[in-house]
Amino acid sequence: MPRLSVLNHPVHPILQAIPASLLPASTTFDALARLGVDEEGLSKAGHYTLVFGLVGAVGAAATGVLDYYEIENRPVRRLALYHGLTNTALVGSYVASFLRRKDRKADDTALALSALGAALIGLSGYLGGALVYEHGVRVGEDHDGIPGAS
């Protein structure tokens with residue numbers, strides 16, 4: 001499968017910043033709205049950051065899958081699978097939160113689902129960091145010229 005790069009830089013690390021920042025921001029906005037701080041305004045902010053975060057997650061997932069298929073080392077590929085499954089779970093929790101909303105406002109269950117997703121973002125970031133910083137995925141080339149295959 002082809003790798004997606006722009007100016008010799010992998011695209012997945014660029015795109016992952018969108019959901020990694022917007023999704024927990026939506027959780028924060030919803031929590032503040034539930035506390036009564038500008039409920040209408042923060043509920044709208046939570047709703048729209050959630051929507052744009054989920055849209056961004058599609059791009060991050062697509063480019064992450066392309067990177068996944070380039071990994072030949074089985075233990076590293078397994079770690080990448082756990083990273084992807086964690087992302088699937090966190091996006092699922094945010095989608096469930098989105099579906100629970102009424103008039104763009106999160107109820108207690110929607111907020112709990114968002115909080116779960118935010119916690120999983122931390123785990124996913126840890127796993128993604130291990131792929132890059134411990135195993136060099138998409139960093140340079142190994143002795144056979146395979147990028148990030150170590």
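The legends below accompany an overview and several close-up views of a predicted model.

View 1. Taken along the principal axes, the C-alpha atoms fill a box of roughly 60 × 30 × 20 Å. The protein has 150 residues, and buried residues make up 35% of them. Of the contacts with a separation of 6 or more, 70% are accounted for by residues 24 or more positions apart.

**View 2. The largest pocket and its lining.** The space in the largest pocket comes to about 920 Å³, and 37 residues line this pocket. His12, Ala60, Gly64, His83 and Asn87 are the lining residues that lie nearest the centre of the pocket. At least two residues of the lining are supplied by each of α1 (12-15), α2 (17-34), α3 (39-68), α4 (74-100) and α5 (108-134). When the residues of the lining are divided by kind, 24 are nonpolar, eleven are polar and two are charged.

**View 3. Arginine 101 in the loop between α4 and α5.** Arginine 101 has its place in the loop between α4 and α5, and its relative accessibility of 10% is under 20%, so this arginine counts as buried. When neighbours within four places in sequence are left aside, the residues in contact with arginine 101 are Asp30, Gly46, His47, Leu50, Ala106 and Ser114.

View 4. Aspartate 103 is found in the loop between α4 and α5, where its phi is near 55°, a positive value in a residue other than glycine. The relative accessible area of aspartate 103 is 74%, and this residue is therefore exposed, the cut-off being over 50%. Arginine 104 is likewise found in the loop between α4 and α5, and although it is not a glycine, it has a positive phi of about 65°. At 35% relative accessibility, arginine 104 counts as partly exposed.

**View 5. The aromatic pair of tyrosine 68 and tyrosine 69.** The structure holds one aromatic pair, which is formed by tyrosine 68 and tyrosine 69. A pair of aromatic rings is described by the distance of the centres and the angle of the planes. For tyrosine 68 and tyrosine 69 the distance is 5.2 Å centre to centre and the angle between the planes is 80°; because planes over 60 degrees apart count as edge-to-face, this pair is edge-to-face. Both residues count as partly exposed, tyrosine 68 at 21% relative accessibility and tyrosine 69 at 44%.

Terms used: Residues are numbered from 1 along each chain as its sequence is written. This is a predicted model: local features need pLDDT of at least 70, side-chain atom pairs count only at pLDDT 80 or more; totals for chains, interfaces and linings use all residues. Side-chain values use heavy atoms; hydrogens and water are left out. On a 1 Å grid over the protein atoms alone, a cavity is a set of points where a 1.4 Å probe fits but cannot get out, and a pocket is an open set with protein on both sides within 12 Å along at least five of seven lines; lining residues have an atom within 4 Å of a point. Grid points are joined across faces, edges and corners, and a volume is the space filled by probe spheres set on the points. Helices (H or I, at least four residues) and strands (E, at least two) are DSSP runs, numbered from the N terminus. Ala, Val, Leu, Ile, Met, Phe, Trp, Tyr, Cys and Pro count as nonpolar, Asp, Glu, Lys and Arg as charged, and the others, Gly among them, as polar. Buried means under 20% relative accessible area, exposed over 50%, partly exposed in between (1.4 Å probe, protein chains only). Rings of Phe, Tyr and Trp (its six-membered ring) pair if their centres lie within 6.5 Å; planes under 30 degrees apart count as stacked, over 60 as edge-to-face and the rest as tilted. Contact means heavy atoms within 4.5 Å.
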